[in-house]
Amino acid sequence: MASLLVVSNQLVEGARPETILPAIGLLAHELRSAPADTSALTESATADVIVVDGRTDLSAARTMCRLFRSSGITLPVLLVITEGGLAALNDDWRVADFILDGAGPAEFDVRIRLLLAVNDAEGLIQSGGIVIDEAAYSARLGDTPLDLTYTEFELLKYLVMHPGRVFSREHLLADVWGYDYFGGTRTVDVHIRRLRAKLGPEHEALIGTVRNVGYRFTP
């Protein structure tokens with residue numbers, strides 16, 4: 001089961017995605033929704049696939065698709081579009097796939113499964129110019145390799161995987177170091193400081209501090 005984020009300007013606050021895309025409501029996936037604005041960037045932090053509704057406003061849909069990519073979010077984007085809108089669709093939209101309005105749940109399901117398979121095969125996590133290759137256990141900033149310790153790598157990977165989400169020191173300690181770690185939260189601050197130093201003064205702000213809360217990755 002995947003987590004799908006449906007982005008649409010037709011969704012009022014609190015509305016369920018299946019109210020505008022009935023076919024998607026028949027799938028065995030977790031569904032969440034977000035309006036077609038910058039709040040969708042934060043909402044995408046825990047999604048596996050982003051579904052952008054481009055049926056009624058092509059311009060807004062194109063802007064959202066491009067915004068996800070320019071923000072460093074590498075999740076596959078599935079665009080829902082009408083047949084009449086196909087003439088406007090090109091590589092500039094930066095979508096992984098599209099599906100026509102009126103498609104049934106079976107077609108939605110197979111396209112989502114294929115997108116997930118491709119994303120997993122690439123094995124890369126990318127956001128804010130940082131590229132993490134889990135298979136090679138390497139990270140780079142643009143074209144520059146980052147010389148990271150094991151814990152620094154795991155901490156950076158965890159933050160990059162959840163762009164925009166704020167994590168407390170306790171949360172990071174539990175998820176990155178593990179519940180069997182007996183040190184204090186001070187070690188999180190130390191590793192964050194080391195990561196910022198390795199990112200350099202021009203990019204250290206990628207890891208932001210939220211006062212009295214913790215840290216977040218801000219692409």
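Asp92 and Arg62 form a salt bridge in which the closest N and O atoms are 2.2 Å apart. Asp92 belongs to the loop between strand 4 and strand 5 and Arg62 to helix 2, so this pair ties together parts that are 30 residues apart in sequence. The structure is a predicted model.

**Salt bridges**

- The whole structure contains 13 salt bridges, according to a search of the model.
- Both partners of the pair named above are partly exposed: Asp92 has a relative accessibility of 30%, and Arg62 has a relative accessible area of 31%.
- A further salt bridge joins Arg111 to Asp97, with the closest N and O atoms 3.0 Å apart.
- Because Arg111 lies in helix 3 (residues 105-122) and Asp97 in strand 5, this pair ties together parts that are 14 residues apart in sequence.
- Arg111 is partly exposed, and its relative accessible area is 23%.

- Strands of a sheet pair through backbone hydrogen bonds, in either a parallel or an antiparallel manner.
- Which order do the five strands of the open sheet with parallel pairing follow? The order is 2-1-3-4-5.
- Strand 2 (30-34) and strand 5 (97-100) are the edge strands, and each pairs on one side only.
- On average, neighbouring strands of this sheet are turned by 25 degrees against each other, direction ignored.
- Strand 4 (residues 77-81) runs parallel to strand 5, and four bridges join the two. Among the residues involved, Leu78 has Asp97 in strand 5 as its bridge partner.
- Helix 2 (residues 58-70) packs on this sheet, where it touches strand 1 (3-7), strand 3 (49-53) and strand 4. The direction of helix 2 makes about 175 degrees with that of strand 4.

- A second topic is the open sheet of three strands, which has antiparallel pairing and the order 10-12-11.
- Its edge strands, strand 10 (167-168) and strand 11 (207-210), each pair on one side only.
- Strand 10 and strand 12 (residues 214-217) run antiparallel and are joined by two bridges. Ser168 has Gly214 in strand 12 as its bridge partner.
- How many bridges join strand 11 to strand 12? There are four, and these strands run antiparallel. Thr209 stands opposite Tyr215 in strand 12.
- The hairpin of strand 11 and strand 12 has three residues between the strands, and Asn212 in this hairpin takes a positive phi near 65 degrees.

**Helix 6**

- Helix 6 has 14 residues and reaches 20 Å from its first C-alpha to its last, close to the 20 Å expected at 1.5 Å a residue.
- An α-helix has 3.6 residues a turn, so residues three or four places apart point the same way.
- The buried residues in helix 6 are Thr187, Val188, Asp189, Val190, His191, Ile192, Leu195 and Leu199.
- The cover over these buried residues includes strand 7 (130-133), strand 8 (138-141), helix 4 (150-161), helix 5 (169-177), strand 11 and strand 12.
- Gly200 follows helix 6 and has a positive phi near 90 degrees.

**Positive phi angles in loops**

- Most residues other than glycine have a negative phi.
- Arg94 is a residue other than glycine with a positive phi, near 65 degrees. Its place is in the loop between strand 4 and strand 5.
- Is Arg94 buried or partly exposed? With a relative accessibility of 45%, Arg94 counts as partly exposed.
- Tyr137, also a residue other than glycine, has a positive phi near 50 degrees. Tyr137 is located in the loop between strand 7 and strand 8.
- At 38% relative accessibility, Tyr137 counts as partly exposed.

How values were computed: Residues are numbered from 1 along each chain as its sequence is written. This is a predicted model: local features need pLDDT of at least 70, side-chain atom pairs count only at pLDDT 80 or more; totals for chains, interfaces and linings use all residues. Side-chain values use heavy atoms; hydrogens and water are left out. Two strands pair if DSSP finds at least two bridges between them. Axes are lines fitted to C-alpha atoms, for helices over the stretch in contact, and angles run from 0 to 180 degrees between N-to-C directions. Contact means heavy atoms within 4.5 Å. A salt bridge is a side-chain nitrogen of Lys or Arg within 4 Å of a carboxyl oxygen of Asp or Glu. Buried means under 20% relative accessible area, exposed over 50%, partly exposed in between (1.4 Å probe, protein chains only). The expected span of a helix is 1.5 Å times one less than its number of residues.
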